[in-house]
Amino acid sequence: MPYPVSITPHHAGLKTTARSTSRKGRCFAALLPALALWGAMAGGAAAQGAGSPAPGSITVQEAHGEQSGGRLLLVDIRSPGEWSDTGLPQGAIPLDVDATAFEVRLAGLRLDHPAKRIALIDRTGAQAVATAQKLGGRGWRDLVAVRGGMLGPGGWLAEKLPVAEYR
């Protein structure tokens with residue numbers, strides 16, 4: 001018999017209520033307090049009581065250099081079909097922006113790599129900017145978009161940067 005779950009974390013003035021009768025929903029609901037705490041620790045807008053600035057962007061060359069130096073986590077937010085067509089930037093983590101629990105998975109990456117900035121790369125750069133802005137409005141910090149994406153002018157492929165096959 002499914003059990004309803006109600007969680008109301010009050011970290012940094014955040015009040016979230018999740019009600020679910022599925023196992024998957026209960027698992028997600030169990031993560032909410034941790035995400036609220038992480039948002040407060042990350043210096044989110046709710047914790048600071050201030051609006052968030054627009055996220056920055058970097059070139060593919062900067063992304064490649066910072067990633068190679070271990071200072072950046074590159075996350076490819078395209079779809080699996082796009083990864084198969086062009087491959088992934090070498091060292092990038094594939095995480096489909098349209099997949100279930102995208103933000104929760106991205107938060108997991110942040111927790112696994114707290115000292116690294118996260119750069120989002122997509123096909124041409126537009127969706128990465130929109131996603132970074134949306135997440136910036138939710139309190140995310142150290143999140144940037146990669147200008148040109150994979151296929152745009154000045155993009156990863158145009159600059160002939162290393163690509164790994166997606167399997």
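Predicted model: local features only at pLDDT ≥ 70, side-chain atom pairs only at ≥ 80, totals over all residues.
**Entry 1: the surface.** I then looked up where L151 sits, and it is in the loop between β6 (143-146) and β7 (163-164). Is L151 buried, exposed or partly exposed? It counts as partly exposed, because its relative accessibility is 46% and that class runs between 20% and 50%.

**Entry 2: the sheet.** Next I traced the strands. Five of them form an open sheet, and reading across I get β1-β6-β5-β2-β4, with parallel pairing. The edges are β1 (56-58) and β4 (93-94), each of which pairs on one side only. I zoomed in on β2 and β5, which pair in the parallel sense over five bridges. Which residue of β5 is the bridge partner of L74? I found A119 there.

**Entry 3: the inside.** I read that in soluble globular proteins, nonpolar side chains tend to be buried together. So I went looking for cores here. The largest nonpolar core has 17 residues, and V75, L106, I118 and L120 have the most contacts inside it. At least two residues each come from β2 (72-76), α5 (102-112), β5 (117-121), α6 (126-137) and β6. Which of these gives the most? That is α5, with four residues.

I also checked I118 for contacts, skipping residues up to four places away in sequence. I118 touches L73, V75, L106, R110, W140, D142, L143 and V144. Then I spotted a second, separate core of 13 residues, which includes L74, A119, I121 and L161. L74 and A119 are the bridge partners from my sheet entry.

Note on methods. Residues numbered from 1 in each chain as written. Heavy atoms only, no water. Buried < 20%, exposed > 50% of the residue type's maximum accessible area, 1.4 Å probe, protein only. Core = buried A, V, L, I, M, F, W, Y, C linked by side-chain atoms within 4.5 Å. Contact = heavy atoms within 4.5 Å. Pairing = 2+ DSSP bridges.
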